[in-house]
Structure formats: C-alpha cells, structure tokens
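Thanks for sending this one over. Here are my notes, written for someone who is opening the structure for the first time.

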Amino acid sequence: MDFAALMSKEIAKAKDGSSNNDTTTKTSSSTTSTAEPAPKFISRREAEEQRRAAYLAEQKRLQEERAAKAAAKRKREEDAAEEAKAREEKRQKLAEESRARREAKAAEEERARRKRLGLPEVAPEGGDDKNSKTTQDDDDLDDDDDDVDIPDDDDELRKKLRELGEPAVLFAETLPARKRRYRSIVRGEAAAAVPIPTTLRPVEEKDMKVPDKPPPASDKKARRHLFRQLSSYFNMVLREWEAALARENNADTTAGQQAIHAMVSSKDTMKPLFRMFEKGDIDDTILEAIVEIVKAAQERRYVDANDGYLRLSIGKAAWPIGVTMVGIHERSAREKLHNGERGHIMGSETTRKYLQSIKRCLTFAQVRWPPDDIRQLMG
C-alpha cells in the first residue's frame, strides 16, 4: 500500500469524525436552549417598583380587613344599643301600665268606700293639684303683695305690663305667675337698692324681731314671714356696714381695703343663703341655729350669739388633740372623736362661707349697736 494513500485515508476519516462531533454539539446546544431559557436580569428600579407595589397591595388588604372589622363591631354595638333601648322602653311601658292599674284600683276602692260611708265623690287628682297650686299661689300673692296694687282683671294686667315695656304673656304663664312677674317689675328699683337683691318682700325694722324658734314646716305662711324677717335683718346689717365704710373713707389704707374686701365677700357668700330663704329649702338644724343667733344679736347678747355660732359650726363633737393612735392598740373612747352631733356642718364649702359671713355681721353689729352690758361684747 502506498504511504501517501494511507495518510489521505486517515485524514479523511479524521475529518468525518470531527464533523459528526460538531453536528452533535450543535444539536445538543439547540435542545438545551429550547428547554431552559437563559435567566433574565432586571434593574434595581424595576425591583424597587415591584417591592413597592407588593407593599401597597398588602397595606390595602390590611386596611380593608380593619375597616370590615370596625364596621362589624359598630353594627354589633348599634344592635346592642337598640336592643337595650327596646328593653328599657318596654320596661317603662310595663311600669306605667302597672302604676296606672294600681292607681285605678286604688281610686275604685276609694270611691266604693266613700259611697259605702255616704261621703261625697272625690274630685279628679289633676284638678285637685291644679286648684291647690292656684290656691297656694294666691296665698303667696296675698302674703307678699299687700303693698302693690295688682289688677285682678287679666286684660288690665296685660295692659299694664305692655306699658312697662314688658311682654304681656310669657309661654305657659298662668295668671298668678303673671301677677308675681308684675310685682317683681314694680319692685325692681327697691330690690336693686338692697345689698343682696331678693324676691322676698322686706319688713320694717320694728317687725324684724324673730321668734325664739322657727315655726314648723307645715305652717308655710309663718315660715315665709320668718324668711322675710331674716333676709331683711341681714340686708339691714350689710347696708349699715357698707354705709359705715363709706363714711370712714379709708380705702387707701391696708386696713380699709381689708374691711371693704370682707364686706364684699360677705355679700357674695350670703347669696346662697338668701336663695334658700326664697325657696324655703333650708335644713331645720341650720335654720334653728340661725334664728338663735339672730335673736341674740337683736337683743344685743353678742356673746350668746357667738356661742350659738360656735355650736353650729363646731358642734359638740370631740375634736382630736395630740396623739390619737399609739402603736397597734386603739386609744380608749377613740370612737367618740368621729361620732359628733354636728361635725358635718362645715363640710360644705357653701355652708361654711355663709356661716363665716354671719359671724362677720355679728362682729360689725356689736360695734354699730353696742350692748348695754359690757360683758356681752365678743372678744
């Protein structure tokens, strides 16, 4: 065999093998590229936008869930409130029906009893209340309006109110209330002249002497007259006090300013007491003590008046002095320190202030109206 032919044959054989390998490699590469695509690279901006969009979507979902929960809770509360309101209305309705049945049954039994005993029929309850209220209003007018000419005719009364520049009729105003309003307007100038304006008609100085004890609460006319006496007396003392300070004319000094301040403070703090006098709503214990103090002051027994003030303000309660508890053992009779008779009087700030004002009035009264007995002067 020729060497050149052999080499040519080997070279051709080698070329056929390499071409087959290239074809296999190309086929494998094309198959791989078709099955697994090359990874895609994104920029930082696109990644941030995707993260932001995901965050916003999550927040929106959470907000919708919270809103749904709040709406459900609000609906449950509204339903519970409606149910409670319905139960309360039903309870009130049942209570009213039960009360109406009891009242009707009691009225029927009373009518049967009166018929059995031969007594007259009872007037309707509403009419009795109205008549009694009208009678009480008329009694108050008779007690307070004896020095004011108030026309009995309603048309004439309205005409006089219009002449005074006031409304002829107020909403839901009755005739006695209109008479009281006319009386207040006519006496407006006189009421403005007193230190503490009040709707109680003042009495003259000769009629200011109060009784030893206040009348019972059932005697409304006598009790109202007592309130007029007390208000007139305190207004008289305050008016004399104010006039005395005006005569001294020492407002530039420290003592004068303190005296004026004490007088003005007394007028302000005694207004609640006057409102109680007008309404007739005052505790009997306090009223008895005030009557005792005023009576003693009118008789110029200022030491006795001061004793009454001390009994009212301090009382007979035992006050703790020194050590009240030693160790773990309770002191003997310690319970008496808190079981006084009137230890609660000064607990109210309003009561404490007008009682102190009464004490200041006593201090001025013993200077303005000195006692005959020097031993009745307070220290």
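Which side chains meet in a salt bridge at 2.7 Å, N to O? Keep that in mind; point 3 picks it up.

1. Ground rules. This is a predicted model, in which local features need pLDDT of at least 70, side-chain atom pairs count only at pLDDT 80 or more, and totals for chains, interfaces and linings use all residues. Residues are numbered from 1 along each chain as its sequence is written, and side-chain values use heavy atoms, with hydrogens and water left out.

2. The overall layout. The chain has twelve helices and two strands (DSSP runs numbered from the N terminus, H or I of at least four residues for helices, E of at least two for strands). Going along the sequence, the pattern reads α-α-α-α-α-α-α-α-α-α-α-β-β-α. Of the 379 residues, 25% count as buried (under 20% relative accessible area, with exposed over 50% and partly exposed in between, using a 1.4 Å probe and protein chains only).

3. Back to the opening question. The answer is Arg223 and Asp284. A salt bridge here is a side-chain nitrogen of Lys or Arg within 4 Å of a carboxyl oxygen of Asp or Glu. Arg223 sits in helix 7 and Asp284 in helix 10, so this pair ties together parts that are 61 residues apart in sequence. Arg223 counts as buried at 9% relative accessibility, while Asp284 is partly exposed at 41%. There is also a network of salt bridges that share partners, joining Lys209, Asp212, Lys295, Glu299, Arg301 and Asp304.

4. Other salt bridges. By the same rule, the count comes to 24. Side chains of opposite charge can pair when their charged atoms come close. One of these bridges is Arg178 with Asp154, at 3.1 Å from N to O. That pair links distant parts of the chain, with Arg178 in helix 5 (residues 175-186) and Asp154 in helix 4 (residues 154-163), 24 residues apart. Arg178 is buried, at 4% relative accessibility. Another bridge runs between Asp79 and Lys75, whose closest N and O atoms are 3.3 Å apart. Both of those residues lie in helix 2, four residues apart, or about one turn of the helix. Asp79 is partly exposed, with a relative accessible area of 29%.

5. Aromatic pairs. I'd look at the rings next: there are four aromatic pairs, meaning rings of Phe, Tyr and Trp (its six-membered ring) with centres within 6.5 Å, where planes under 30 degrees apart are stacked, over 60 edge-to-face and the rest tilted. Among them is the stacked pair of Phe227 and Phe277, 5.5 Å centre to centre with 20 degrees between the planes. Phe227 lies in helix 7 (residues 220-248) and Phe277 in helix 9 (residues 271-279), so the pair ties together parts 50 residues apart in sequence. Both Phe227 and Phe277 are buried. Together with Phe274, Phe227 and Phe277 form one aromatic cluster.

6. Surface patches. What charge does the patch of Glu77, Glu78, Glu82 and Glu83 carry? It is negative, and the four gather on the surface. Patches are made of residues with over 30% relative accessible area and no salt bridge, with like charges joined within 9 Å and nonpolar side chains (Val, Leu, Ile, Met, Phe, Trp, Tyr) within 5 Å. Glu78 belongs to helix 2 (residues 44-117) and is partly exposed, at 46% relative accessibility. Elsewhere, Phe3, Met7 and Ile11 make a nonpolar surface patch of about 320 Å². Met7 is in helix 1 (residues 3-35) and is partly exposed, with a relative accessible area of 40%.

7. A backbone detail to check. Most residues other than glycine have a negative phi. Arg300 is not a glycine, yet it has a positive phi of about 65 degrees. Arg300 is found in the loop between helix 10 (284-298) and helix 11 (302-313), and it is partly exposed, with a relative accessible area of 32%.

8. One last spot. Leu310 is in helix 11 and is partly exposed, at 35% relative accessible area. Leu310 and Ala289 are 21 residues apart in sequence, and their C-alpha atoms are 9.9 Å apart in space.

How values were computed. Areas by Shrake-Rupley, 256 points an atom, 1.4 Å probe, with all protein chains shown as cover. Lys, Arg positive; Asp, Glu negative; His and termini not counted. Charge placed at Lys NZ, Arg CZ, Asp CG, Glu CD.
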